[in-house]
Amino acid sequence: MMAFLASDEMLGTFVPIAVYWIYSGIYVMLDDLNEYRLHTKAEEEKKNIVSKGTVVKGVLLQQAFQIAISLLLFTFKNSDRSFILRQPSLQVIFLQFIVAMVVMDTWQYFMHRLLHMNKFLYKHIHSKHHALVVPYPYGAMYNHLLEGLILDIIGGVLSFLVSGMTPRTAIYFFSFTAIKSVDDHSAMWLPGNLLHVFFNNNSAYHDIHHQLYGTKYNFSQPFFVTWDKILGTHMPFTLEKRKEGGFEARPIKKINWS
């Protein structure tokens, strides 16, 4: 029993959740840095139609659901622990990360786009996430349970299986994914943020998508912008300083409202 509780599979379930809240907490502590915000606090309070307490409860429910699914999968998984999977070389782990990122991006792009294009699915499932017009860090996982199953759980399983990563590598991959998701929903543009250096899909890019004019654009998540560019849903932006402080991401293409 103790071996199971300390297994890489269990750590891969709980560590990313802890990372999610720790990284979100860091952003919460930086919340008063108005000169780096993409929206004013007044705009956040005016546009968002759910309370932060409701969002916290929704995220905790989503994470509890993910834990339950994980434990269910472990129950049916062959638990033969007569051998220990050896970690591959760093080069192989790096390649597995890239493969997993591509698989997750591909799955989430098409499922995310479907949730927008199908009016029934958007109204009854995905609109919950877009109740946060002005996103904030710990709201990244504020989703309908079915959306969490489709995008996050199935997308995560596919990334894990196709990449061939070990459960130990998965701890790091899904923790990184949690960090990336929180950062993309931070609605902040901090100087020196390495995620903005290495990824064009960042907080400003995803902020465009959360605005009422942007729901037909920038479906790609959480890593690259490739599918948006290939399939014509890419909305480039400029980042401009606001007079009252902070930044504003503005689209530079004509908006299709139809």
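Buried means under 20% relative accessible area, exposed means over 50%, and partly exposed lies in between. Keep these cut-offs in mind for the residues below. The model is predicted.

**Arginine 168 and its partner**

Start with arginine 168. Its relative accessible area is 42%, so arginine 168 is partly exposed. Which residue does arginine 168 form a salt bridge with? The partner is aspartate 8, and the closest N and O atoms are 3.1 Å apart. This pair links distant parts of the chain. Arginine 168 sits in helix H8, while aspartate 8 belongs to helix H2 (residues 8-29). The two are 160 residues apart.

Side chains of opposite charge can pair when their charged atoms come close.

Three of them are listed here.

| Salt bridge | Closest N and O atoms |
|---|---|
| Arginine 168 – aspartate 8 | 3.1 Å |
| Aspartate 184 – lysine 180 | 2.9 Å |
| Arginine 242 – glutamate 244 | 3.6 Å |

Now take aspartate 184 and lysine 180. Both residues lie in helix H8. They are four residues apart, so about one helical turn separates them.

Arginine 242 is buried, because its relative accessible area is 13%. Glutamate 244 counts as exposed, because its relative accessibility is 57%.

**Where H7 meets H8**

Helix H8 also packs against another helix. H7 covers residues 145-163, and H8 covers residues 167-184. Their axes are 11 Å apart, at an angle of about 135 degrees. Therefore H7 is oblique to H8. The crossing of H7 past H8 is right-handed.

Which residues meet at this contact? From H7 come Gly156, Ser159 and Phe160. From H8 come Pro167, Ala170, Phe173 and Phe174. By class, the contact has five nonpolar residues, two polar residues and no charged residues.

**Looking back at H8**

Helix H8 ties these parts together. Arginine 168 in H8 pairs with aspartate 8 in H2. Lysine 180 and aspartate 184 are both in H8, and they form a salt bridge with each other. Pro167, Ala170, Phe173 and Phe174 of H8 meet residues of H7.

Key
Residues are numbered from 1 along each chain as its sequence is written. This is a predicted model: local features need pLDDT of at least 70, side-chain atom pairs count only at pLDDT 80 or more; totals for chains, interfaces and linings use all residues. Side-chain values use heavy atoms; hydrogens and water are left out. Axes are lines fitted to C-alpha atoms, for helices over the stretch in contact, and angles run from 0 to 180 degrees between N-to-C directions. Angles under 35 degrees count as roughly parallel, over 145 as roughly antiparallel, 65 to 115 as roughly perpendicular and the rest as oblique. A crossing is left-handed if the near helix is turned anticlockwise from the far one by less than a right angle, and right-handed if clockwise. Contact means heavy atoms within 4.5 Å. Ala, Val, Leu, Ile, Met, Phe, Trp, Tyr, Cys and Pro count as nonpolar, Asp, Glu, Lys and Arg as charged, and the others, Gly among them, as polar. A salt bridge is a side-chain nitrogen of Lys or Arg within 4 Å of a carboxyl oxygen of Asp or Glu. Buried means under 20% relative accessible area, exposed over 50%, partly exposed in between (1.4 Å probe, protein chains only).
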